[in-house]
Amino acid sequence: MGILDGKRILVAGVTMDKSIGFAAARFAQEQGAEVLISNFGRALGITRRIAKRLPKEAPVLELDVTDEDHLAGLEAAVREHVDGLDGVVHSIAYGNPETLLGGKFLEGPWDDVAQAVQVSAYSLRSLAVACRPLMGEGSSIVGLTFDATVAWPAYDWMGVAKAALENTSRYLARDLGPDGIRCNLVSAGPLKTLAAKAIPGFEDLESMWSTRAPLGWDETDADPTARAICALLSDLFPATTGEIVHVDGGFHAMGA
Ligand code: NAP
């Protein structure tokens with residue numbers, strides 16, 4: 001018996017087997033879910049190869065969250081494989097590392113900031129709205145943040161995009177709650193994924209975690225994050241929405 005037995009789940013944002021989305025897809029399958037995954041553009045071929053490394057090969061959908069045609073076609077694309085969705089994982093972010101990250105806060109140009117906010121925050125709303133006709137009472141949306149209540153070294157405009165994501169999640173919780181749809185985020189500690197490696201100076205954050213997280217932190221292990229995502233997708237949190245669950249070894253609770 002798995003906590004996701006019989007659930008149909010879309011995980012958006014899987015590129016490599018290091019992706020948090022991949023770990024979530026794997027654990028969801030291990031817990032009994034029928035999983036679809038998505039990615040966009042040139043990396044789609046990589047995602048199709050990576051999909052074969054899951055316990056059960058997952059169908060791969062093409063979804064650029066900034067493409068209105070992709071969003072409009074998502075319901076039909078999902079229905080080719082399953083007749084609805086019980087869960088959606090938003091594991092998507094992008095900010096130009098050359099102009100927005102690694103200490104470039106005071107220089108970041110608006111066009112790039114706008115792209116970062118659209119891909120990393122507004123897209124949670126876009127994905128939720130596109131999937132809404134597929135979801136019913138008891139469904140769950142889960143996104144991923146990096147604690148946006150404080151300023152971090154290197155994270156710069158991605159931190160601002162994450163602050164927007166965190167409040168987008170609360171407004172989705174407000175507007176989808178009456179349909180019985182929950183929306184929550186997992187705030188993960190630093191993990192060595194493609195997105196993280198693209199951030200100049202991200203290793204400084206990783207080294208802070210190794211000394212301050214009371215439970216310790218393994219930045220190569222996305223499994224604890226995947227487990228929290230799947231717990232929030234499951235029926236174990238029926239009255240929880242608009243929440244941010246920290247999976248960071250306890251770092252966020254320490255003052256120093
Ligand atoms: P990742 O493997 O690079 O995943 C990010 C995904 O977003 C990639 O699959 C990427 O596709 C996709 N993406 C970018 N632009 C997109 C668009 N326009 N439409 C659709 N998909 C798009 O990195 P990750 O670390 O697992 O990131 C997953 C989530 O976790 C992100 O929200 C990230 O901010 C969050 N998070 C990460 C950490 C960490 O330390 N790694 C910590 C806390 C939270 P391409 O690869 O093809 O560009």
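Tutor: What follows is a conversation about this model, topic by topic.

Student: What kind of model is this, and which atoms are used for the side-chain values?

Tutor: This is a predicted model, in which local features need pLDDT of at least 70 and side-chain atom pairs count only at pLDDT 80 or more, while totals for chains, interfaces and linings use all residues. Residues are numbered from 1 along each chain as its sequence is written, and side-chain values use heavy atoms, with hydrogens and water left out.

Student: OK, pockets then. What is the volume of the largest pocket?

Tutor: The largest pocket has a volume of about 1200 Å³. On a 1 Å grid over the protein atoms alone, a pocket is an open set of points with protein on both sides within 12 Å along at least five of seven lines, a cavity is a set of points where a 1.4 Å probe fits but cannot get out, and lining residues have an atom within 4 Å of a point. Grid points are joined across faces, edges and corners, and a volume is the space filled by probe spheres set on the points.

Student: How many residues line the largest pocket, and which lie nearest its centre?

Tutor: The largest pocket is lined by 44 residues, and those nearest its centre are Ser91, Ile92, Ala93, Tyr94 and Ala195. By class, the lining of this pocket divides into 27 nonpolar, 14 polar and three charged residues, where Ala, Val, Leu, Ile, Met, Phe, Trp, Tyr, Cys and Pro count as nonpolar, Asp, Glu, Lys and Arg as charged, and the others, Gly among them, as polar.

Student: Which element gives the most to that lining?

Tutor: H6 gives the most to the lining of the largest pocket, with three residues. Elements that each supply at least two residues of this lining include helix H1 (20–30), strand S2 (34–39) and helix H6 (194–197); helices (H or I, at least four residues) and strands (E, at least two) are DSSP runs, numbered from the N terminus.

Student: Switching to packing: how many residues are in the largest nonpolar core?

Tutor: The largest nonpolar core has 53 residues, and those with the most contacts inside it are Val11, Ile37, Val186 and Ile229. H1 gives the most to this core, with seven residues. Apart from it lies another core, of 30 residues, including Val78, Val119, Leu172 and Cys183. A nonpolar core here is a set of buried Ala, Val, Leu, Ile, Met, Phe, Trp, Tyr and Cys residues joined through side-chain atoms within 4.5 Å, with buried meaning under 20% relative accessible area, exposed over 50%, and partly exposed in between (1.4 Å probe, protein chains only).

Student: What does isoleucine 229 touch?

Tutor: Not counting residues up to four places away in sequence, isoleucine 229 touches Ile20, Ala24, Val89, Val142, Leu144 and Val186, with contact meaning heavy atoms within 4.5 Å. Ile229 is also one of the buried residues of H8, and helix H8 (residues 223–233) is mostly covered, with eight of its 11 residues buried.

Student: Why is H1 largely enclosed?

Tutor: H1 is largely enclosed by the rest of the structure because nine of its 11 residues are buried. What covers the buried residues of H1 includes S1, S2, helix H2 (44–51), S5 and H8. Just after H1, glycine 32 takes a positive phi of about 100°.

Student: Is serine 123 buried or exposed?

Tutor: Serine 123 is buried, with a relative accessible area of 0%, and it lies in helix H4 (residues 110–131). Leaving aside neighbours within four places in sequence, serine 123 is in contact with Val65, His90 and Gln118.

Student: Last topic: how many disulfides does the structure hold?

Tutor: The structure holds zero disulfides, a disulfide being a pair of cysteine sulfur atoms within 2.5 Å.
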